[in-house]
Amino acid sequence: MTSTADLRAQAVQLAGSLDADRMTGEQAAAALDDLAVADRALAGTVMFLGLRVARTDAWRGQGFQSAADWLAAKVGVSVREAHRLLGTARKADRLPKTKDAMRRGDLSPDQADAVAGAASVDPSSEDDLLDTAANDTHKKLQEEAARRRAAATDSADREGRIRSQRSIRRFTDADGAFNLHWRGPAVDGARLEAMLRPHEEQAFRTGRRSAVRDTFENRSYDAMMALLGIAPSSSPPSSAAPTSQEAADPSGANGGSDPAASPSSTAKVPGGNNVKVIVRIDHDALVRGHTMAGETCDIVGVGPISVAASRELMRDAFLAAVITKGRDVVNVAHLGRGLNAHQRTAVEAMGLRCSNIACNRTIAIQIDHRVPYAQDPVTALANQDPLCPECHRRKTHHGYHLEPGSGPRRFLRRDPQAQASKDEAGEARGPTRIEQPTLC
């Protein structure tokens, strides 16, 4: 059997002999696939070896204050990260399937942390989470793990613990940029989102009028500054908060800028408080007053909340509740081109993300008719796929398509020769009219 010392020598020799600049793109991709699996397998092994060292106190006598300090020095990570690695290994050690997946190189340390964290409190979720890790994005895995973990724990206790640990951390990074880390209950985050979104819309409209192509993160920053009544220091005079003279003369007759054009102005922002926050909740959990393993109670795009918090939010005008035993919005169809209100809420409740399973985008999502509206002038949810603008463009103009099914799935490119053969044979170019679902 190859010793770890031999493996170390072979790995160092291989790394030194590989020259990426001399490889073709295909060769580099294949080599990366192989080394990525090896890297994940070795990372998992390092975690379990570190756990063994911690349990046997083999780290003592070397000048370290804890096993995490020792592991951090050996692996070259922060002490906080070392604590997380040891915690993940401790949980995974009691989950045979997760442990085997780590040894095979199927799970990275981050993926193992998400799976083990949820499966340790809800063992029935282990298989589903392993499948999500293998077939979906890391972001989706984290969301699903958080949902399963929240459903299996006492939500009131969890929210109480988070509230007791609420914090805002301020620090300056290596670039000299100011950073703010805000941590608190998800229900508070929902209320903050509802206050921010109108200002984000105002920032978008202002940028569009000025032909400024800011990112969504840029606009969110400006929206937060506007919410706090602070003009960003880098803003030009036209987008800064109005001076006292400008506020006294909003018409601009004395040469002042229009305060309504500024995201930081005190003028009423578009939409006011007309912001929709979607809470998904199982009917049984709503009646019972708390969730059980496998049940859902969360805010779409924010995270899990307690049933008590969802009831509290139901008093707010900006809430849209999706209850699993309520109206069956999934089967609603109508003859208009766009989604109606019930359909839009149903799509958003499923998590508004690009249907390309390899795409993480959740911003500026467009709803695509799987069968073109010109061929089938009915808007049914069974025929709708959320797509980001780039994937929508590739599907419409560059021959890409989603594989059959629903939800996130693979985004494939049609074979031009096969399509040409079908066209020459006179076969149908696209799918036929879809069958409408039956309403119960």
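Tutor: Gladly! Let's begin with D57, which has 37% relative accessibility. Keep in mind that this is a predicted model.

Student: Why is D57 called partly exposed?

Tutor: Buried means under 20% relative accessible area and exposed means over 50%, with partly exposed in between. D57 has 37%, so it counts as partly exposed.

Student: Which other residue has a positive phi although it is not a glycine?

Tutor: A211 does, with a phi of about 60°. A211 belongs to the loop between α10 (186-209) and α11 (216-228).

Student: What makes A211 count as buried or exposed?

Tutor: The cut-off for exposed is over 50%. A211 has 67% relative accessibility, so it counts as exposed.

Student: Let's turn to the helices. How do you know that the span of α2 is close to the expected one?

Tutor: Helix α2 covers residues 25-56, which is 32 residues. From first C-alpha to last, α2 reaches 46 Å, and 46 Å is expected at 1.5 Å a residue.

Student: Which residues of α2 are buried, and what do they pack against?

Tutor: Among the buried residues of α2 are A31, A41, M47, F48 and L51. The buried residues of this helix pack against α3 (67-75), α4 (79-92), α5 (96-104) and α6 (109-119).

Student: How does α8 compare with its expected span?

Tutor: Helix α8 (residues 138-151) has 14 residues and reaches 20 Å, close to the 20 Å expected. Its buried residues include L141, E144, R147 and R148. The partners that the buried residues of α8 pack against include α6, α7 (126-135) and α9 (155-164), as well as strands β4 (297-299) and β5 (303-304).

Student: What makes up the nonpolar surface patch?

Tutor: I168, F178, L180 and W182 form that patch, which has an area of about 460 Å². Strand β2 (residues 178-183) gives the most to the patch, with three residues.

Student: Why is F178 called exposed?

Tutor: F178 lies in strand β2. Exposed begins over 50%, and F178 has 58% relative accessibility, so it counts as exposed.

Technical notes:
Residues numbered from 1 in each chain as written. Predicted model: local features only at pLDDT ≥ 70, side-chain atom pairs only at ≥ 80, totals over all residues. Heavy atoms only, no water. Patch = residues over 30% accessible without salt bridge, like charges linked within 9 Å, V, L, I, M, F, W, Y side chains within 5 Å. Areas by Shrake-Rupley, 256 points an atom, 1.4 Å probe, with all protein chains shown as cover. Salt bridge = Lys/Arg side-chain N within 4 Å of Asp/Glu carboxyl O. Helix = DSSP H or I, 4+ residues; strand = E, 2+ residues; numbered from the N terminus. Buried < 20%, exposed > 50% of the residue type's maximum accessible area, 1.4 Å probe, protein only. Expected span 1.5 Å × (residues − 1). Contact = heavy atoms within 4.5 Å.
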